[in-house]
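Here is a short report on one protein chain. Keep the sequence and the 3D view open while you read.

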Amino acid sequence: MGYRLVVSRGRLHAVSALASSVQELVNDVERLRVAAAGALDRSLVTSLVNDLARRHGLEPVGDISKRKNFTPPLSGYMTEVQNKTTWASVFELFPRGGGKVTLSLEPDEYGVAAENCPNCGKRVIGQKPAVAHNIIPQQTWKRIVSAAISECLQNIESGNLTKKHVRSFSSLSGHASGVRFSAPDSGEPLGGKFAPEKAENKPIVDKLLAAGLINSAYAAQDNAGKQCLDCERKQSNATLIQRFALIKEKKLQSQIESGAIDPATFVGAQFQGLADRFKAADRKASVTTTGAVEELLGRVTIAQIGRFLLGIEKCIEEEYTRNPNSPLNNLLLDHWEEFVWSFRSVAMTQCNANYSGSLGIKGLVL
Ligand SMILES: [Zn+2]
C-alpha cells in the first residue's frame with residue numbers, strides 16, 4: 001500500500017512559517033509517492049512529519065487522549081491520533097505562538113482502501129489474491145536472483161568493483177575482495193565454498209528463489225497495485241519496460257486487432273499518464289526532469305528493484321541467525337554493497353532486454 005499526506009487549510013494563515021514548511025513536505029511526499037509507484041512506506045512519512053515538527057521546536061507527544069495529566073510543552077507540540085480501521089493518522093501541530101496546522105496521513109488509491117484491480121477496474125478484494133508482478137514478473141525475479149549471485153561472486157573474486165565503485169571493509173568471512181575462491185583449473189564451481197550449489201549454501205539460495213518470498217511484500221509492495229489474475233496472466237512474463245516496447249514497436253498488432261491484447265491493461269493502466277503525474281510532482285518539488293516515458297518506466301523499475309533488495313537484505317540477516325555457517329550467506333552480508341551493485345545492474349539489464357517468448361499466447365513467437 002502507499003500513503004499520501006493531506007494538509008487541512010483551516011488556520012494556515014495563523015502560522016505562516018510552519019504552514020509553508022508543511023506545504024513543502026506535502027509536495028515532497030507526493031513526489032516520493034509517485035516515484036514509489038504507490039508503495040510509499042507509512043513509517044517513512046511519519047518520520048518526515050516528526051522531523052518537521054522537531055525542526056520547528058514542536059515536541060511530538062502522540063495521542064494525548066491516552067496520556068494522563070497531559071501538560072502541553074511550552075515550546076509547542078504535535079499530537080498524532082491513529083485510526084486503526086482506516087490506517088489513517090491525524091497530526092495536529094500547535095506552535096508556540098498559537099494557531100494550529102492539521103495534517104492527515106492516509107492510504108492512497110492503491111492502499112488498503114483499494115478494492116479494484118488498478119489495471120482493469122475489476123474487484124479484487126475477497127477473491128484469490130493476485131500478487132502485483134506488473135513491473136517485474138516472478139520468473140524474471142528468479143533469473144535476476146541467480147544471475148546476480150554469480151555476477152557478485154565474479155565481482156568479489158576479481159576485486160574490480162571494490163576498488164572502483166564500492167568501499168571495501170574487513171571481511172566477516174575472512175575473504176577480502178581479490179582473493180581467488182577456487183584454485184585455477186581445479187574444476188571447482190565458481191566461488192569454491194561460496195558456490196550456490198554447495199549444500200551449506202542451499203538454504204539461503206532456495207529461500208531467495210522461493211515463490212513465497214518473491215510473492216510476498218517485496219515483489220507485491222505490501223499489496224500495492226494488486227492486480228486481478230486475468231491481468232497478471234495477460235502481462236505474462238514480460239517486464240513493464242518490455243511490454244511498453246512491444247506495444248511501441250508495434251509487435252503485437254494482430255493480437256491487438258483480434259482483441260487478444262488490450263494495450264492499456266497489457267502495459268498497465270496504472271502507468272497510463274505516468275509522465276504527467278511525474279512531471280506535476282517533480283515541478284511542485286522544484287526538480288527538473290525530461291519526462292520521457294522510457295526514463296520514467298526506468299525510475300519505476302529501479303524503485304521496485306530497490307524494494308526487492310530490502311527484502312533480500314532482511315532475508316539474509318534472518319538466515320544468518322538460523323544458519324551462521326553458510327559461507328555464501330556470510331559473504332553476501334559481508335559484501336552487501338557489491339551484491340547491491342551486481343543485483344541492480346543484472347536486474348536493469350534483464351528488464352531492458354529485448355523480449356523473447358510467447359507471452360502465453362498460442363502460436364505467438366517473439
Ligand atoms: Zn485486472
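The report below goes from the whole chain to its sheet, its helices and its salt bridges.

## Ground rules

This is a predicted model, in which local features need pLDDT of at least 70, side-chain atom pairs count only at pLDDT 80 or more, and totals for chains, interfaces and linings use all residues. Residues are numbered from 1 along each chain as its sequence is written, and side-chain values use heavy atoms, with hydrogens and water left out.

## The whole chain

The chain holds 15 helices and five strands. Helices (H or I, at least four residues) and strands (E, at least two) are DSSP runs, numbered from the N terminus.

Of the 366 residues in the chain, 45% are buried. Buried means under 20% relative accessible area, exposed means over 50%, and partly exposed lies in between (1.4 Å probe, protein chains only). Now take the contacts in the chain with a separation of 6 or more: residues 24 or more positions apart account for 68% of them. A contact means heavy atoms within 4.5 Å.

## The sheet

The five strands of an open sheet come in the order β1-β5-β4-β3-β2, and the pairing is mixed. Two strands pair if DSSP finds at least two bridges between them. The edge strands are β1 (3-8) and β2, each of which pairs on one side only. From one strand to the next, the twist averages 20 degrees.

Strand β1 runs antiparallel to β5 (residues 101-107), and six bridges join them. Here L5 has L105 in β5 as its bridge partner. P60 stands opposite M78 in β3. M78 also stands opposite L93 in β4. Strands β3 and β4 (residues 88-95) run antiparallel, joined by eight bridges. Their hairpin has four residues between the strands, and W87 takes a positive phi near 65 degrees there.

## Helices

Next, look at α3 (residues 138-158) and α14 (residues 327-334). Their axes come within 12 Å and cross at roughly 70 degrees. These two helices are therefore roughly perpendicular to each other. I149, C152, L153 and I156 of α3 make the contact with L328, L331 and L332 of α14. Axes are lines fitted to C-alpha atoms, for helices over the stretch in contact, and angles run from 0 to 180 degrees between N-to-C directions. Angles under 35 degrees count as roughly parallel, over 145 as roughly antiparallel, 65 to 115 as roughly perpendicular and the rest as oblique.

Helix α10 (residues 253-257) contains Q255. Q255 is buried, at 13% relative accessible area. Not counting residues up to four places away in sequence, Q255 touches A260, I261, I361 and L364.

## Salt bridges

Side chains of opposite charge can pair when their charged atoms come close. A salt bridge is a side-chain nitrogen of Lys or Arg within 4 Å of a carboxyl oxygen of Asp or Glu. How many salt bridges does the whole structure have? The search finds 10. One of them joins K100 and E92, at 3.1 Å from N to O. K100 is partly exposed, at 25% relative accessible area, and E92 is partly exposed at 23%.

Helix α13 (residues 293-322) holds E295 and R299, four residues apart, so about one helical turn separates them. They form a salt bridge, with the closest N and O atoms 3.6 Å apart. E295 is partly exposed, at 31% relative accessibility. R322 and E319 are three residues apart in α13, so they too are separated by about one helical turn. Their salt bridge has its closest N and O atoms 3.9 Å apart.
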